[in-house]
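Welcome, and please open your viewer. We will walk through a few stops together, selecting residues as we go.

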Amino acid sequence: MASEEEIVLILETKRNPAIWKNFDLCLMSDNHEMARCKNCGKFMKAAANSTLKKHTDKHCPVTKAKKEEKGEGAGSSNM
């Protein structure tokens, strides 16, 4: 990879608000759009909402930590 891409502009989006509340739609220096997680800062392709939802639900370290604090982690039992 040559040089690291930079954010040129944060774009507004009317895509699925339940998913996109956790992401910024960013126009990058090479003129393509990427989604940036507002919690951990990771960049992902902006095309697939399911990938973004999976990141927030299962892979984002910030979201995982918040769920564990609330007792919603894998080992919790709410019965």
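Contact, on this tour, means heavy atoms within 4.5 Å. This is a predicted model, so local features need pLDDT of at least 70 and side-chain atom pairs count only at pLDDT 80 or more, while totals for chains, interfaces and linings use all residues. Residues are numbered from 1 along each chain as its sequence is written, and side-chain values use heavy atoms, with hydrogens and water left out.

First stop: select Asn 22, in the loop between helix H1 (17-20) and strand E2. Helices (H or I, at least four residues) and strands (E, at least two) are DSSP runs, numbered from the N terminus. Is Asn 22 buried or exposed? Asn 22 is buried, because its relative accessible area is 18%; the cut-offs are under 20% for buried, over 50% for exposed, and partly exposed in between (1.4 Å probe, protein chains only). Now show what surrounds Asn 22: leaving aside neighbours within four places in sequence, its contacts are Arg 36, Cys 37, Lys 38, Asn 39 and Thr 56.

Next, select Val 8, which sits in strand E1 (residues 7-11). Val 8 counts as exposed, because its relative accessibility is 55%. Which residues does Val 8 touch, not counting those up to four places away in sequence? They are Leu 27, Met 28 and Ser 29.

Last stop: select Asp 30, in the loop between strand E2 (23-28) and strand E3 (33-37). With 43% relative accessibility, Asp 30 counts as partly exposed.
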